[in-house]
Amino acid sequence: MSSSNVSSAQPAAPHGRRSLSSFDRGVISNMELRRPGIRAGYLLLVIVLAVLTITTVYPLYWMYTGGLKDSRELIQTPPTFVPRSVSVENYPEAWSNLNYSRYFTNTLILAAGALVFQFLVSATAAYSLSKLKPLGSSIFLFLFLSTLMVPPEAYLIPQYLAVVRVPIFGIRLIDTWWAVWLPRAINAFHIFILKSFFDEVPQDLMDAAQIDGARPSQVFLRILVPLSTAVLAVVAIFTVIAQWKDFFWPFLVLKSTHLQPIMVALYRLTNQSNPEPMNIIVAGLAIASTPMIVLFLIFQRQILQGITLTGLKG
Amino acid sequence: MNQNRTQARLRRSVSGYVFLLPAVLLFGLFAWYPIVNGLLLSFREIDLIRYTQPGYRPEWIGLDNFERIFADNLLRTAWVNTIRFAGLALLFGYLVPVILAIAVNEVRRGKSYFRLAFYLPVILPPMISILLWKYFYDPGSGIMNVLIGFFGAEPLQWIYSADTAMLSLVILWTWTSAGSTMLLYLAALQGIPVSLYESAEIEGASIRQRLFHITLPEIRGVMLILLVLQVIGTVQVFTEPFVMTDGGPVNSTLTVMVLLYRYAFERGEIGWATALGLLIFVVLVAFSGVYLFLTRRFRGAVR
């Protein structure tokens, strides 16, 4: 049982799983909650939780309002809760002074490329492993999944060398988008999720299409992909989020400043000898976080479901 | 008829390989080959500048890389720091998501607010969290000294003192990661059959008894897996110590990954870094192995 509590919630998940928000009961039953002693304990619990959320909500509040303050007010202790000096122009100033047009564009290019390659690699492989099952496909599945057993940091340097000089092809990818797109396109997790989902699509559908003369590529594009938009969306969202957050790998392979994504640029901009004033930087941090927060709020349901579906990604 | 079927199967097999090709190619170039290559390169001396030249073969030097890194005092420091980080993260961070999840799961109204609020730090990109907390840890103007001052404590130097730097990183790490683990526990809690609680309640089991005899045993499997994953994750910690303290002050937050980075990209000793990567891998495998062995034994003994 131990190995699978996380994973058993996985593949067959579409049916009959309780959604995260549904509530039957917890340790305490609704009946018991009517008893005054338990009621008081419950209220205390809720109050403690509410106080605890300050530790996660306040830093974000500090960031967004901090971006409005002037530098003097920003470093004042204790900090002002409501900004006394409201300079909205900090935000556009941060955007231009930190050269965000460039870094946002770069991040978007990296994310878009990651998305395209992710599908080109994971969805096709999952289709093959789930439906076409060529000879030896289980060996390939094993080989894909085995990369999950090796912590990526352990082969970081050899992977870096594979980008410095791509084996067989002998090309140098350092300081090109490809250095991020290609290594980041491989994700055994995504292949596994997609394969489990494709497994649920009845084979009859495929067979019927095949009898009508559809080629495998048509079956893939016209039947499987349209039926799988939900899970494809989850993979897409995770890919974009991961790409937006990624720091270490782009930092290693994109050395030219004009190619760097926002997180790498932020590291450099905060570490240089004459950084921008703190309020501009804080406004910059707020701007750089906003797409992730918006994306999460829009796709909250898919993301939360995806996390419980895949077990361990976030 | 029969021939047709064989033909159809053959065609499917061919397209099967065609569809596998992109994945096999990229896994081959950027995962399988590097993983195997990592084993071989740790026994070679690698010159990064010459590496791009066609026909360059790094020289075989046997165990030299390993001997050199074992002779390096920093390796010991880095392992001690890494184990400290992993240990402190377990001590401070392991139970936080469990407790949060059990508590949030009890909430009748506003549950989605709590879930979202505790998940917020996970939504923030790590780089942003780190840079934010760098301000919070500022001894002069940071909120952390205000906060502990509120409880009557003296101001601390946080990341600027070798005594507290590691602790500061652990607090940050717990803050950024507890939310995602909490979600997994929440999902596990949702999987506990309601009937278990109901029958226990009818039998007269107290809330405490239900918690310790139903809830915790039911999520024990997830807790065990997440323990391993947390240790594996914390041993590989890089961005936090790299960005926040750059391994300092006086190497007090120099973890093995930061050392690996320094070997490769500051000292140009690619071979050393590869050897260290292999060492990290071996340690993690050994840890998982011992852990699996112990839990099997332990569970066998209980039964």
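The conversation below goes from confidence to the chains, then to single residues and the contact between the chains.

Visitor: What kind of model is this, and what scores does the model have?
Guide: This is a predicted model, and it scores ipTM 0.88 and pTM 0.88. The mean pLDDT of chain A is 85, with 90% of its residues at 70 or more, while chain B has a mean pLDDT of 88, with 96% of its residues reaching 70 or more.

Visitor: Which elements of chain A have the lowest and the highest mean pLDDT?
Guide: Among the elements of chain A, the lowest mean pLDDT, 37, belongs to helix H1 (residues 5-8), and the highest, 95, to helix H13 (residues 248-253). Over residues 1-22 of chain A the pLDDT is below 50, and this stretch has 31 contacts in the model beyond near neighbours in sequence. Where pLDDT is low, the predicted coordinates should not be read in detail.

Visitor: What makes chain B more spread out than a compact globule?
Guide: Chain B, to begin with its elements, has 14 helices and two strands. For 303 residues the globule rule gives 19 Å, and the radius of gyration of chain B is 25 Å, well over that value, so chain B is called more spread out than a compact globule. Taken along the principal axes, the C-alpha atoms of chain B fill a box of roughly 80 × 75 × 40 Å.

Visitor: How many helices and strands are there in chain A, and what box do its C-alpha atoms fill?
Guide: Chain A has 16 helices and zero strands, and its C-alpha atoms fill a box of roughly 70 × 70 × 35 Å along the principal axes. Buried residues make up 39% of the 314 residues in chain A, and for chain B they make up 42% of the 303 residues.

Visitor: Which domains does the assignment give, and how far apart do their centres lie?
Guide: In chain A the domain assignment gives domain 1 (17-90) and domain 2 (98-275), whose C-alpha centres lie 36 Å apart. In chain B the assignment gives domain 1 (2-60) and domain 2 (72-268), with C-alpha centres 38 Å apart.

Visitor: Why is B:Ser42 called buried?
Guide: A residue counts as buried if 20 or more other C-beta atoms lie within 10 Å of its own, and B:Ser42 has 26 of them within that distance, so B:Ser42 is buried. B:Ser42 is found in the loop between helix H1 (2-41) and strand E1 (44-45) of chain B. Leaving aside residues up to four places away in sequence, B:Ser42 touches B:Asn65, B:Gly271, B:Thr274, B:Ala275 and B:Leu278.

Visitor: What makes B:Asn251 partly exposed?
Guide: B:Asn251 has 17 other C-beta atoms within 10 Å, so B:Asn251 is partly exposed. B:Asn251 has its place in the loop between H12 and H13 of chain B, and its phi, near 60°, is a positive value in a residue other than glycine. B:Pro249 is placed in the loop between helix H12 (239-245) and helix H13 (256-266) of chain B, and the peptide bond from B:Gly248 to B:Pro249 is cis, with omega near -10°.

Visitor: How do you know that helix H7 of chain B is mostly covered?
Guide: Of the 11 residues of helix H7 (residues 126-136) of chain B, 10 are buried, among them B:Trp133, B:Tyr135 and B:Phe136.

Visitor: How many residues does each chain give to the contact?
Guide: The contact takes 85 residues from chain A and 84 residues from chain B. Helix H2 (residues 36-66) of chain A gives the most to the side of chain A that touches chain B, with nine residues. By class, that side of chain A has 58 nonpolar, 19 polar and eight charged residues.

Definitions and conventions
Residues are numbered from 1 along each chain as its sequence is written. Chains are lettered from A and ligands numbered from 1 in the order in which they are written. This is a predicted model: local features need pLDDT of at least 70, side-chain atom pairs count only at pLDDT 80 or more; totals for chains, interfaces and linings use all residues. Two residues are in contact if their C-beta atoms, placed from the backbone, lie within 7 Å. Helices (H or I, at least four residues) and strands (E, at least two) are DSSP runs, numbered from the N terminus. Ala, Val, Leu, Ile, Met, Phe, Trp, Tyr, Cys and Pro count as nonpolar, Asp, Glu, Lys and Arg as charged, and the others, Gly among them, as polar. Domain bounds come from an automatic or database domain assignment. The radius of gyration is taken over C-alpha atoms; the globule rule is 2.2 Å times the number of residues to the power 0.38. A residue is buried if 20 or more other C-beta atoms lie within 10 Å of its own, exposed if 12 or fewer, and partly exposed in between; C-beta atoms are placed from the backbone. pLDDT is the predictor's confidence in each residue, from 0 to 100.
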